[in-house]
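This briefing is meant for a reader who is meeting the structure for the first time. Please look over the sequence and the model before reading on.

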Amino acid sequence: MSAPSLQKVLSCSTLPSLPSAAVRLLELTADPHVTITQIAGAIQSDPAMATKVLKTVNSSYYALQQPCRTIQRALGYLGLNTVKSVALGFSLVECSKGASKSGFDLDAYWRRATFCAAGAKRLATETRACDPEEAFLGALVQDIGMLACNATFGQDYAAVIHEAGEDHDRLFTTERQALGFDHCSAGEALAERWKLPPSLVRCIARHHLAVTENSEFTALVRVVALAGVFAGALTLKSNGEKIERAGEWGKSWFGLTSERVVGLIESAAADGAELARALEVRTGENPDIAAILASAQERLVMQQIELQHNNEVLVKQTVTDALTGAYNRRYFDDTVSAAFKAACQPGGSVSVLFIDADKFKAVNDEHGHKAGDAVLMELSRRLAEHVGDAGDVCRYGGEEFGVILPASTLDRAMEMAESLRAAMEATPVSLEGTGAKAQAIKVTISVGVASMEPGAGISFASPEALVHAADQGVYAAKRGGRNRVCMATEGAIDTARAARPLARAASTPRDESSARVAIGGTPAVHAARPGGIVKQSPASAAAAKPASGTPVMEILLIEDDPMAAHLMSLLLQKRCNARVTVTGSCEEALSALEKGIGPRKRPDLILCDMLLPGMNGEQFVRELRTRPVFGITPVIVVSASTEQADRELCLKAGANAYALKTEMLSDFDRWLAGVIQTMSGAAKAAA
């Protein structure tokens, strides 16, 4: 700022001054003990001012219900602040008289002032950010520095205004370049000389710097500044930037919607015209309000759409992995928690897949990190392609990806996992352009699966437990030879119930026998062999693929673990065309047998867990053999115990076979062939 130039303004003999009545009014209103009679007396000491005040308060701008004939009554109707604003407004009009003689566009000055004052009052009323009358007066006096500069520099200042153009916001910078100071600084000094209240002084000094305002008057200054933007939207021919700024500041500062901002601009237009008539000031040709509002509505809607798009992009950036384009760990954690909560509702389910690129370190070591990045990007692309809208693909960390499948059952999750595994194995990954030693390499993946399906008896205590189970599935797949799918269930592994079969589609041409992999004392994990045709014995092949038209086999399964029961039922249904009835205890099984199972009223086979609540497997067999109608029904006791004594006890009780769960899960087809042989042997013995 140029101090000498500013001092020249302050020492100008023609500097605007307030009428004595206005000065007295300001002094009185600063006194908290002032009376209405004193205020009325100060205004009435200037008959011209009193007449104009009464005319204004009775105008349509204030819309009183009945005429007001005295200043005292006006003070009673409208309050001290309103009457003070009107009186000082007329004082400002008096100060500006004669300014046009030096080439100053007084019409443009008052056009901006009235729209701004009307807009500030409406905005303060709408947002309750500050006193509406204080905002009105702050907006009305904000540009008094222009009057001071015009009085001092005359034509030279008119040239500065002309250089700045019709956009008032440009004047601030142009003044500093031409004069070494701006009208805000000049107005601040003039306001202090006039002894205006500190709040009004702050509006004058900071209305072009409201974005960085930080004082006790911040809300007031910002209301005045935003009202100035409203005025710009109503007075400029090219008003698009002002409309967009009004929407941006309105939302950022006061939480206003674009529709509300347009409504406030419309109100400012109507009220500003009324105010100009009340103050008896000329504002030039009235703007085409309808066209301005239509433009404002269109621009603000477009701005809102753009802001929404930008916000979506920003949000996506915060939850997206930069390299692969998949969602990141933060998104995974938030989404899996929400999906888990939904799965806890009746009929709900969710599945999580963990995918790990096999021998990924070797890719980096042999071909370089660019090749490793290419593998991760291609893996992410293929995952997204196969998962589609069924779920979300996330980069969990390093070469490990997580897939969240909301509302997915275990069967669908396993099918998806196998599809992903096969898709990755089927086509080599191109390394072209990475500087790798090879143009393409074969990449396989290991997949861990865990599902939350309470309706099917598959439950986890928490989202973390579900995720941990899927993660353990990946480790099991790695230990099992990689390039395979493993699923896991929650709960400490009980060696007596360690075997839990894996449900897989019967239509696949691959060998899909299952093998349990022990994982400490956490989830029980079940691993499927990787794809590839293997030789099968005639017996196991027959068991795996029953011929068309094979009669349905009735099987009674006694298993208290809902997860194990569900999975074993699926395997039996798909592998040997069985219809499976499940009970959770031996007592429940005996009751079901009494009522009859299936069309023939008795099962073709009973599979019974050894360790059950209440009656155990050996006791059940012993009880069953006492009932003549079930004396020849084949019974196989399934146990995790390898103790010879347990085997002999069950066989002695009347069981046809004693099967180890580990043997069953290591090769289910072979195990199933043994079951069929057991049934055949039982049938021959009965004959």
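Is F230 buried or exposed? In this predicted model, F230 counts as buried because its relative accessibility is 0%, which falls under the 20% cut-off. The points below take up its surroundings, then the cysteines, and then a sheet.

**Surroundings of F230**
- F230 lies in helix 14, which covers residues 218–235.
- Leaving aside residues up to four places away in sequence, F230 touches G119, A246, V261, L264 and I265.
- One of these contacts, I265, is 35 residues from F230 along the chain, yet the C-alpha atoms of the two are separated by 5.7 Å.

**Cysteines**
- The structure holds zero disulfides, a disulfide being a covalent bond between the sulfur atoms of two cysteines.
- C116 is in no disulfide, and the nearest cysteine sulfur, that of C203, is 9.6 Å away.
- C116 is buried, with a relative accessible area of 0%, and C95 also counts as buried, at 12% relative accessibility.

- Five strands form an open sheet in the order 11-10-12-13-14, with parallel pairing.
- Strand 11 (578–583) and strand 14 (657–660) stand at the edges with a single partner strand each, so one side of each has no neighbour in the sheet.
- From one strand to the next, the twist averages 25 degrees.
- Strand 10 (residues 553–558) and strand 12 (residues 605–609) run parallel and are joined by four bridges, and I555 stands opposite L605 in strand 12.
- Helix 26 (residues 617–624) packs on the sheet, where it touches strand 10, strand 12 and strand 13 (635–639), and its direction makes about 145 degrees with that of strand 12.
- Helix 27 (residues 644–653) also packs on the sheet, touching strand 13 and strand 14, and its direction makes about 145 degrees with that of strand 14.

Notes: Residues numbered from 1 in each chain as written. Predicted model: local features only at pLDDT ≥ 70, side-chain atom pairs only at ≥ 80, totals over all residues. Heavy atoms only, no water. Helix = DSSP H or I, 4+ residues; strand = E, 2+ residues; numbered from the N terminus. Buried < 20%, exposed > 50% of the residue type's maximum accessible area, 1.4 Å probe, protein only. Contact = heavy atoms within 4.5 Å. Disulfide = S-S within 2.5 Å. Pairing = 2+ DSSP bridges. Axes fitted to C-alpha atoms, helices over the stretch in contact; angles between N-to-C directions.
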